[in-house]
Amino acid sequence: MFTSNIKEIMKRKKVTIRELAAVSGVSAVSINKARSDSGISECRLSTLGRIANALEVRTKRLFDEMEGPPAGEGPAGGE
């Protein structure tokens with residue numbers, strides 16, 4: 001699971017979705033998707049690279065990986 005840092009970076013740099021879309025060439029819909037924790041993992045790396053370049057940060061700064069048990073391991077539901 002990944003969490004998105006894009007919203008925080010945009011806020012710190014005072015950049016709107018429209019401005020970021022214009023500079024990056026990425027649609028506002030894709031940027032909005034990338035700003036959500038559930039959507040960023042569905043974005044192409046090339047899209048995240050364009051957003052990162054426009055925000056003048058490294059691509060890996062756009063997200064954090066959440067640690068948790070590997071798939072299939074962890075508490076079983078209902079127990």
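In this predicted model, Ala34 touches Ser4, Ile6, Ile40, Cys43, Leu48 and Ile51, when residues up to four places away in sequence are left out of the count. Ala34 is found in helix 3, and with a relative accessible area of 0% this residue is buried, because buried means under 20%. Ala34 can also be placed relative to Arg44, which lies ten residues away in sequence and 9.7 Å away in space, taken from C-alpha to C-alpha.

**The protein as a whole**

The protein contains five helices and two strands, and, read from the N terminus on, its elements follow the order β-α-α-α-α-α-β. Of its 79 residues, 30% count as buried, while the accessible surface comes to about 5700 Å², with 49% of that surface belonging to carbon and sulfur atoms.

**Helix 1 against helix 3**

Two packed helices are described by the angle between their axes and the distance between the axes. How do the axes of helix 1 and helix 3 cross? They come within 8 Å and cross at roughly 110°, and the two helices are therefore roughly perpendicular to each other, since angles of 65 to 115 degrees count as such. The residues that meet are set out below by helix.

| Helix | Residue range | Residues in the contact |
|---|---|---|
| Helix 1 | residues 6–13 | Ile6, Lys7, Met10 |
| Helix 3 | residues 28–35 | Ile31, Ala34, Arg35 |

By class, this contact of helix 1 with helix 3 has four nonpolar residues, two charged residues and no polar ones.

In soluble globular proteins, nonpolar side chains tend to be buried together. Here the largest nonpolar core has 16 residues, and those with the most contacts inside it are Ile6, Ile31, Leu48, Ile51, Leu55 and Leu62.

Leaving out residues up to four places away in sequence, Ile6 touches Ala34, Arg35, Ile40, Leu48, Ile51, Leu55 and Leu62.

Conventions
Residues are numbered from 1 along each chain as its sequence is written. This is a predicted model: local features need pLDDT of at least 70, side-chain atom pairs count only at pLDDT 80 or more; totals for chains, interfaces and linings use all residues. Side-chain values use heavy atoms; hydrogens and water are left out. Axes are lines fitted to C-alpha atoms, for helices over the stretch in contact, and angles run from 0 to 180 degrees between N-to-C directions. Helices (H or I, at least four residues) and strands (E, at least two) are DSSP runs, numbered from the N terminus. Angles under 35 degrees count as roughly parallel, over 145 as roughly antiparallel, 65 to 115 as roughly perpendicular and the rest as oblique. Contact means heavy atoms within 4.5 Å. Ala, Val, Leu, Ile, Met, Phe, Trp, Tyr, Cys and Pro count as nonpolar, Asp, Glu, Lys and Arg as charged, and the others, Gly among them, as polar. A nonpolar core is a set of buried Ala, Val, Leu, Ile, Met, Phe, Trp, Tyr and Cys residues joined through side-chain atoms within 4.5 Å. Buried means under 20% relative accessible area, exposed over 50%, partly exposed in between (1.4 Å probe, protein chains only). Accessible areas come from the Shrake-Rupley method with a 1.4 Å probe; for residues, only the protein chains shown count as cover.
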